[in-house]
Amino acid sequence: MKNLNLLTLSALFLLFIAGCKGAAENLDESTAAEVIETYLKANPLYEEVKMEVGEIRFKSKNDKLALEKYKSLQEKGWLTLDLQDQKKKFLSKDSVFIYKISLTDKSKPYILKQNVSQAVLRALDYVMDSEKPITMIKGDSKVARVTVSLKKEPNDFAIWLKDKGTASNFITKSYKLKYKKDTGWILVGE
């Protein structure tokens, strides 16, 4: 009787250990979302825009829209506009304004590249959409392909984005996840 109880307990213990091991390898939506969010924090997805800086000439008629964009960014504290010169053409309604444009310290997190006449800025970030479900396609017990919806989050520099005709405010992206015994689930490719 003692041997039967001992045998039953050891069998249950072995089944419990085997069940725990399998549970670690199973991929659920929350684990997949956590792995992808960690990857996106380390390697963010974004769209970039080019913006002219330095000394720029604006004509009051032709460049009115661009000057308004710069002024709206100045009001929000992203850049400074210093009027260098203003010229009025003889017998013309058109005037020429020369501004010196420089980015402020507030815009540093968004600057990707900058030289004397141009800055490349991050204008649109892609972040995980918590409202849309994650689609998982398991290859085998250690490999899975996960498709997620990434929401577009524009910042103030998005006024320089050219309209590409996209009707949605999100994109879908697929990632390949792999299970490793020592580290768990990791992202290995897109």
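1. In this note a charge is said to sit over a ring if NZ of Lys or CZ of Arg is within 6 Å of the ring centre and within 35 degrees of the ring normal. By that criterion Lys106 lies over the face of Trp78, at 4.6 Å from the ring centre. Likewise, the charged end of Lys132 sits over the ring of Phe170, 4.3 Å from its centre.

2. Basis of the values. The model is predicted: local features need pLDDT of at least 70, side-chain atom pairs count only at pLDDT 80 or more, and totals for chains, interfaces and linings use all residues. Residues are numbered from 1 along each chain as its sequence is written, and side-chain values use heavy atoms, with hydrogens and water left out.

3. Overall composition. The protein chain contains 3 helices and 10 strands, where helices (H or I, at least four residues) and strands (E, at least two) are DSSP runs numbered from the N terminus. Their order from the N terminus is α-α-β-β-α-β-β-β-β-β-β-β-β. Of its 190 residues, 31% count as buried; buried means under 20% relative accessible area, exposed over 50%, and partly exposed in between (1.4 Å probe, protein chains only).

4. Surface and contacts. The protein chain exposes about 12,900 Å², of which carbon and sulfur atoms supply 54%; areas come from the Shrake-Rupley method with a 1.4 Å probe, and for residues only the protein chains shown count as cover. Among contacts (heavy atoms within 4.5 Å) with a separation of 6 or more in the protein chain, 65% are between residues 24 or more positions apart.

5. An open sheet is formed by 3 strands in the order 2-4-3, with antiparallel pairing; two strands pair if DSSP finds at least two bridges between them. Strand 2 (54-59) and strand 3 (79-88) stand at the edges with a single partner strand each, so one side of each has no neighbour in the sheet. Neighbouring strands of this sheet are turned by 25 degrees against each other on average, direction ignored. Strand 3 pairs with strand 4 (residues 95-103) over 9 bridges in the antiparallel sense, and Asp85 stands opposite Ile98 in strand 4.

6. The helix on this sheet. Helix 3 (residues 64-75) lies across strand 2, strand 3 and strand 4, and runs at about 145 degrees to strand 3. Axes are lines fitted to C-alpha atoms, for helices over the stretch in contact, and angles run from 0 to 180 degrees between N-to-C directions.

7. Aromatic pairs. Rings of Phe, Tyr and Trp (its six-membered ring) pair if their centres lie within 6.5 Å; planes under 30 degrees apart count as stacked, over 60 as edge-to-face and the rest as tilted. The count by this rule is 8 aromatic pairs. The rings of Trp78 and Tyr110 have centres 5.3 Å apart and planes at 85 degrees, so this pair is edge-to-face. Trp78 lies in the loop between helix 3 and strand 3, and Tyr110, 32 residues apart from it, in the loop between strand 4 and strand 5 (111-114). Trp78 also forms a tilted pair with Phe157, at 5.3 Å centre to centre and 55 degrees between the planes. Both Trp78 and Phe157 are buried. Separately, Phe58, Tyr70, Tyr99 and Trp160 form one aromatic cluster.

8. Val146. This residue lies in strand 8 and counts as buried, at 0% relative accessibility. The C-alpha atoms of Val146 and Ile36, 110 residues apart along the chain, are separated by 9.1 Å.
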